[in-house]
Amino acid sequence: MYTNPQVIEFVTRHTVPVRVHARENHEAFAALGDRFDAHWTPTTLLVDAGGTERHRIEGFLPADQFLPQLALGVAKAAFARKDYAAAERLYRDVVDRYANSDAAPEAQYWAGVSRYRATNDAAALKDTAQAFAQRYKDSSWATKASVWK
């Protein structure tokens, strides 16, 4: 399924991969498609143990954009578990390791929210808004964080 060694390593380390081939197993593909509103390939879903979707990647992405999206999904799952310290660490890892990816501005935003949720310190939000002045200032995520100044 995946050919990039970094993607293989990430998926193996952080997920339990399940692949449903649309042509070879049409019934299962249709059933999962209906359950998760996923009707085109490739669609990659990061789903928690309870079956709740935590992140969706639709369409093909090259490895340098796919990996940060996978990492963003793992961070979102930690946030959903209310493990805010882990979520912040995972979101910051996306920003640090994949700074030029489409996922990085979203990760920067949610890293600040995670720190706020872990500490209840509003300075976390202010610091995040200020960080957008340095990085990703033209992103929609910077706009969303602008109220925290």
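Modeller: Buried means under 20% relative accessible area, exposed over 50%, and partly exposed in between, with a 1.4 Å probe and protein chains only. This is a predicted model, in which local features need pLDDT of at least 70 and side-chain atom pairs count only at pLDDT 80 or more, while totals for chains, interfaces and linings use all residues. Residues are numbered from 1 along each chain as its sequence is written, and side-chain values use heavy atoms, with hydrogens and water left out.

Colleague: Which residues of H1 are buried, and which are exposed?

Modeller: An α-helix has 3.6 residues a turn, so residues three or four places apart point the same way. Helices (H or I, at least four residues) and strands (E, at least two) are DSSP runs, numbered from the N terminus. In H1, the buried residues are Val 7, Phe 10 and Val 11. They fall within an arc of 95 degrees when seen down the helix axis, so they line one face of H1; the arc is that of the directions from the helix axis to the C-beta atoms. Pro 5, Thr 12 and Arg 13 are exposed on the other side of H1, and H3 is included in what covers its buried residues.

Colleague: How many residues has the largest nonpolar core, and what does Leu 70 contact?

Modeller: A nonpolar core is a set of buried Ala, Val, Leu, Ile, Met, Phe, Trp, Tyr and Cys residues joined through side-chain atoms within 4.5 Å. The largest one here has 37 residues, and Leu 70, Tyr 91, Tyr 109, Phe 132 and Trp 148 have the most contacts inside it. H3 gives the most to this core, with nine residues. Contact means heavy atoms within 4.5 Å, and Leu 70, leaving aside its neighbours within four places in sequence, touches Val 7, Phe 10, Val 11, Thr 44, Leu 46 and Ile 57.

Colleague: What lines the largest pocket?

Modeller: Rolling a probe the size of a water molecule over the atoms shows where empty space is left. On a 1 Å grid over the protein atoms alone, a pocket is an open set of points where a 1.4 Å probe fits, with protein on both sides within 12 Å along at least five of seven lines, and lining residues have an atom within 4 Å of a point. The largest pocket is lined by 48 residues, with Tyr 2, Val 18, Thr 43, Thr 44 and Leu 45 nearest its centre. H3 gives the most to this lining, with eight residues.
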